[in-house]
Amino acid sequence: MSNQDKKRVLDKIIRCLALSKSSNEYEAATALRQAHAMMKQHNISMDDVKLADIKFQRSSTRTARNPALYLAHLADMIAELFGCKMYLGNGEGKLEYAAVFCFVGLEIHSTIASYAYDSLARQLKQARLEYMRTELKRVRLTKNKTARADAFCQGWVATVERLVSKLVPPTTDIAMIEYAMNRELTLRTKNPVDRVSKNRAASGSDDFYNGIVAGKDAKLHHGMDGTQSRKLIN
């Protein structure tokens, strides 16, 4: 069986297994029976099925090859929140040659994680620019302004992490996700850049606290298939 044929069979099995959770007992039993029959016919295991439902979803937000520490922290937090793993990879389309954070997990989870990261990263970028334009407008030295803006962003992310900490991550097979990553990827080491701890102007300022306050304005909604969004934070 070719890889394409196997993919089609796996997609059918996944759909049948989803239907097997139906509240209609007859429909559920029929779907489960069909799934098991196809698995036996094509010598497909449950591990094969699990792996087929694990998807690699790229974010749409460009980042540096060695991203700022606050962005790596944000991406890690989002991955954990949605039961995924995260890595730094290449984009696609217009971002083909750019570095982007990628999320790996069940298709529904990795898709939402990517959306959530893009949404929060966009809000954080806007908050950072506004903070630099107002609170840091008199800071002349570029490295000091950058480090202090980073401190603000770290505080912003810390608040978002606290706001989402009450949410329970979905139960996922992290070991299976890691297996899929190791099988499909050659992961490069990401080295987040911490410009705050190396800069006295940033570490001795109120920027981190100001970021904590500003982070309370972050918004994150959970919407699926065009249906009404459910507010996750704010």
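## The nonpolar core

The largest nonpolar core of this predicted model has 38 residues. A nonpolar core is a set of buried Ala, Val, Leu, Ile, Met, Phe, Trp, Tyr and Cys residues joined through side-chain atoms within 4.5 Å. Here "buried" stands for a relative accessible area under 20%, "exposed" for one over 50%, and "partly exposed" for values in between, with a 1.4 Å probe and protein chains only. The residues with the most contacts inside this core are L74, I78, F82, F101, F103 and Y117. At least two core residues come from each of α4 (69-81), β2 (85-90), β3 (99-106), α5 (107-134) and α6 (142-164). Apart from this core lies another, of 12 residues, including L51, Y87, A180 and M181.

I78 illustrates how such residues meet. When its neighbours within four places in sequence are left aside, I78 is in contact (heavy atoms within 4.5 Å) with F103, A113, A116, Y117 and L120.

## Basis of the model

The structure is a predicted model, in which local features need pLDDT of at least 70 and side-chain atom pairs count only at pLDDT 80 or more, while totals for chains, interfaces and linings use all residues. Residues are numbered from 1 along each chain as its sequence is written, and side-chain values use heavy atoms, with hydrogens and water left out.

## Overall architecture

The protein contains 9 helices and 5 strands. These elements are DSSP runs numbered from the N terminus: helices are H or I runs of at least four residues, and strands are E runs of at least two. Their order from the N terminus is α-α-α-β-α-β-β-α-α-α-α-α-β-β. The C-alpha trace spans about 70 × 35 × 30 Å along its principal axes.

Of the 234 residues, 41% count as buried. Among contacts between residues at least 6 apart in sequence, 73% join residues at least 24 apart.

## Surface and charge

The protein exposes about 14000 Å², of which carbon and sulfur atoms supply 49%. Such accessible areas come from the Shrake-Rupley method with a 1.4 Å probe, and for residues only the protein chains shown count as cover.

There are 37 positive and 25 negative side chains, and the centres of the two sets lie 6 Å apart. In this count Lys and Arg are positive and Asp and Glu negative, whereas His and the chain ends are not counted. The place of each charge is taken as NZ of Lys, CZ of Arg, CG of Asp or CD of Glu.

## Cysteines

A search of the whole structure finds 0 disulfides, a disulfide being a pair of cysteine sulfur atoms within 2.5 Å. C102 is in no disulfide, and the nearest cysteine sulfur, that of C84, is 12 Å away. C102 is buried, with a relative accessible area of 1%. C16 also counts as buried, at 10% relative accessibility.

## Residues in loops

T63 is placed in the loop between β1 (54-58) and α4. This residue is buried, with a relative accessible area of 11%. Residues up to four places away in sequence not being counted, T63 touches L71, L88, A99, V100 and F101.

N43 belongs to the loop between α2 (25-41) and α3 (46-52). Its relative accessible area is 70%, and N43 is therefore exposed. N43 is not a glycine, yet it has a positive phi of about 55°. Most residues other than glycine have a negative phi.

## Residues in helices

Helix α9 (residues 207-214) includes A214, and I212 lies in helix α9 as well. A214 is partly exposed, with a relative accessible area of 22%, and I212 counts as partly exposed at 27%. With neighbours within four places in sequence left aside, A214 is in contact with F152 and W156, and I212 with G155, W156 and T159. The C-alpha atoms of A214 and V160 are 54 residues apart along the chain and separated by 9.8 Å. For I212 and T142, which are 70 residues apart in sequence, the C-alpha distance is 23 Å.

N144 is found in helix α6 and is buried, with a relative accessible area of 19%. Beyond its neighbours within four places in sequence, N144 is in contact with V139, N199 and A201. D11, in helix α1 (residues 3-19), counts as partly exposed at 25% relative accessibility. The C-alpha atoms of D11 and M86, which are 75 residues apart along the chain, are separated by 24 Å.
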